[in-house]
Structures are given as C-alpha cells and as structure tokens.
Amino acid sequence: MVEIVKPALEHLPSYKAALERGWSPDNVRLEQATREQLAAIEKDPVAFLADLDDPLAKGGPITLPDGRKVPRLPGFRRWIWDGEASGSIGFRWQPGTAALPPHVLGHIGYAVVPWKRRRGYATEALRMMLDEARAVGLAYVEITAKPGNPASHKVILANGGKLVERFFEDAAYGGAESLRFRIQL
C-alpha cells in the first residue's frame with residue numbers, strides 16, 4: 001500500500017538511505033540535488049524537514065539551475081511511502097490563480113526510487129496530490145514531462161491529464177523541448 005506522508009524525523013533514515021543509494025528527488029538537478037540534501041540532513045535534520053513544507057512561502061528565494069534567484073512560491077513536498085521511502089512528490093502554486101510564472105515548469109513534480117518503479121507508485125501519489133491541489137482552490141494543475149519519458153506520460157494520462165502543448169523550457173533549465181499536460185480538478 002502506497003501513501004504520501006509529510007516528511008518527518010521518523011521517516012528520515014529511510015529517505016536518507018534512498019539518497020545514499022544514488023536516487024535523486026530532483027529530475028533536473030539530479031546528483032547535485034542529492035548531494036545538497038544529504039549535506040542539509042547532516043547539518044540540521046529538523047531544518048531540512050521544515051524547508052520541505054512551506055505553504056505560506058516564508059522561505060527565502062529559490063535559486064534556479066542557471067543561478068538566477070526568484071521568489072519562492074507556496075509549496076510542499078510529500079514522500080511516497082510503502083513502509084519505506086519510495087520517492088518524493090512536490091506541489092507548488094500561486095495564490096489566487098492556477099497560472100505559474102514562466103520559470104516554473106509545473107505545479108507538481110515527482111520522482112520514484114529506481115528500485116520501485118513500474119509499480120504504480122507515481123500514479124497513486126499524483127492521484128493523492130491532486131486532492132491537495134483541489135484543497136487550495138486550483139481549477140487545474142499543469143505537469144511537464146520530456147517527450148522521451150513515456151512512463152511519466154502514462155502517470156499523467158492515468159490521472160486525467162491532457163497534452164496541451166509542446167514547448168521549450170525556460171533557459172534556466174537548458175531550453176530543452178518538453179510537453180505540458182493539464183489535469184482539470
């Protein structure tokens with residue numbers, strides 16, 4: 001049985017073990033994000049966990065992969081859990097609108113540990129996170145995926161997603177071609 005849980009000290013050893021096995025919760029920054037998270041956990045586990053839950057956008061600015069700093073959006077991360085850390089799913093939004101700034105690729109992003117992929121975990125985690133998006137009053141969410149990632153396309157489509165456009169990502173993310181899907185809530 002898979003669920004999404006709020007990151008907590010009781011789950012942290014399992015999450016840290018997944019990072020130490022080489023998994024990254026960030027599909028853009030990959031190994032860099034893994035190293036940063038391990039360092040943050042080592043430095044102050046309580047602060048690390050607090051940074052993952054910021055629905056009021058009280059944290060400082062976000063640094064994009066190209067080094068630009070942008071204002072933080074409200075958001076939070078949940079861990080995909082089946083008795084141990086199985087992945088991560090995050091949700092961010094702008095209050096009062098479903099629109100996102102150009103530098104934000106989507107409302108929801110997820111990553112499942114490689115050794116638990118193809119079990120429906122991402123599909124179920126996204127289904128549960130859609131309830132969170134409804135709770136903040138969004139009419140829809142947008143999720144992006146690379147054209148060569150059919151597994152992610154399947155997850156999004158299984159949750160009612162519709163392809164709305166092919167586009168090129170913000171230069172901060174390398175300007176690669178991507179697909180934008182929309183799920184009506």
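**Aromatic contacts at a glance**

Ring pairs join Tyr 15, Trp 23, Phe 48 and Trp 79 into a cluster. Keep in mind that this is a predicted model. Searching the whole structure turns up six aromatic pairs.

**The Tyr 15–Trp 79 pair**

- Tyr 15 and Trp 79 are stacked, because their ring centres are 4.0 Å apart and their planes meet at 10 degrees, with under 30 degrees being the cut-off for stacking.
- Tyr 15 belongs to helix α1 (residues 12–20) and Trp 79 to strand β5 (residues 75–81), so this pair ties together parts that lie 64 residues apart in sequence.
- Tyr 15 is buried, at 0% relative accessibility.
- Trp 79 is buried too, at 0% relative accessibility.

**The Phe 76–Trp 93 pair**

- Phe 76 has a relative accessible area of 9%, so it counts as buried.
- Trp 93 comes in at 8% relative accessibility, which makes it buried as well.

**Arginines over rings**

- Arg 21 lies over the face of Trp 115, 3.6 Å from the ring centre.
- Arg 180 does likewise with Phe 167, lying over the ring's face at 4.0 Å from its centre.

Terms used
Residues are numbered from 1 along each chain as its sequence is written. This is a predicted model: local features need pLDDT of at least 70, side-chain atom pairs count only at pLDDT 80 or more; totals for chains, interfaces and linings use all residues. Side-chain values use heavy atoms; hydrogens and water are left out. Rings of Phe, Tyr and Trp (its six-membered ring) pair if their centres lie within 6.5 Å; planes under 30 degrees apart count as stacked, over 60 as edge-to-face and the rest as tilted. Helices (H or I, at least four residues) and strands (E, at least two) are DSSP runs, numbered from the N terminus. Buried means under 20% relative accessible area, exposed over 50%, partly exposed in between (1.4 Å probe, protein chains only). A charge sits over a ring if NZ of Lys or CZ of Arg is within 6 Å of the ring centre and within 35 degrees of the ring normal.
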